[in-house]
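Subject: Structure for you to look at

Hello,

I am passing on a structure that you have not worked with before. Please open it first; my notes on what was found follow below.

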Amino acid sequence: MGFLNKLFGNKQEEEQTMTKLNIGIILGSTREGRVSPQVGAWVKELADKRGDANYTIIDIADYKLPFLGEAGADHSGIAAWSKAVGEQDGFVFITQEYNHSITGALKNALDLLREEWNNKAAGIVSYGSVGGARAAEHLRGILGELLVADVRVHPALSLFTDFENGTDFKPKEVQADSVNQMLDQVIPWATALKTIR
C-alpha cells in the first residue's frame, strides 16, 4: 500500500493539508481600557507561527450585541455574530476575571447562540489577580452546556507578574509554552469533533 500511495498520492493526506481548521480567538471583554486585545494579539502571534490552523481574532465589541431578551434592543449584530462563530471549528477564549467570574459581555455573547457552538473544541487563556482561575472554571461549566469540549491546559496570566502596572502586557516566557501546549490539545480535539458536525 505504501508504494501505491507514493505513486498515486494519499488523497486523505492531501485533503487534510488543503483544509485547515478555523480557530477563533474570542476577546471576552468590551469595557473601556481593557487589555484583552493585547492578550489576544499575543496568542494569535504565537498561534500563527504554528501554521496548523487559520487563527482569527473575534472581538465581541465589534458586534454591538443586545442583552439576551432585552425588549426594543437592536438585534442587527446577532446575524454577523452567528456567522463568525458558526464558521469556526474551535476557539480560544481570552477571559478576564470580574468578581470571581467571566464578564457579562462574554456570558451574553455565549447565551445568544446555541448550535453555532455545538461540537467544537476550546482552550481558555485567563487573567486576573489569581490568573483568572475562577473565571476559567465558570467558563468551563458554560461551555459544557453548549457542547463545547474545553481542553485541560489553561494558560493563567497574573496581573502582578505578566502585566506592568496592571495594563501593559509583558508575559513571562513560560506562558508562551503554556499557550502552545493548550493549542496542542485544541487542534486534535477540534479535528475530531469536526467529523460529527
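Among contacts in the protein chain between residues at least 6 apart in sequence, 78% join residues at least 24 apart. Please keep in mind that this is a predicted model.

The protein chain as a whole

The chain contains seven helices and eight strands. Its C-alpha trace spans about 60 × 45 × 25 Å along the principal axes.

Helix α6

Helix α6 covers residues 133-145. Its 13 residues should span 18 Å at 1.5 Å a residue, and the end C-alpha atoms are 19 Å apart, so the two values agree.

Which residues of α6 are buried? They are Ala 135, Ala 136, Leu 139, Arg 140, Ile 142 and Leu 143. An α-helix has 3.6 residues a turn, so residues three or four places apart point the same way. The cover over the buried residues of α6 includes the strands β3 (90-96), β4 (120-128) and β5 (148-150), along with helix α5 (104-111). Just after α6, Leu 147 has a positive phi of about 60°.

Regards

Notes: Residues numbered from 1 in each chain as written. Predicted model: local features only at pLDDT ≥ 70, side-chain atom pairs only at ≥ 80, totals over all residues. Heavy atoms only, no water. Helix = DSSP H or I, 4+ residues; strand = E, 2+ residues; numbered from the N terminus. Contact = heavy atoms within 4.5 Å. Expected span 1.5 Å × (residues − 1). Buried < 20%, exposed > 50% of the residue type's maximum accessible area, 1.4 Å probe, protein only.
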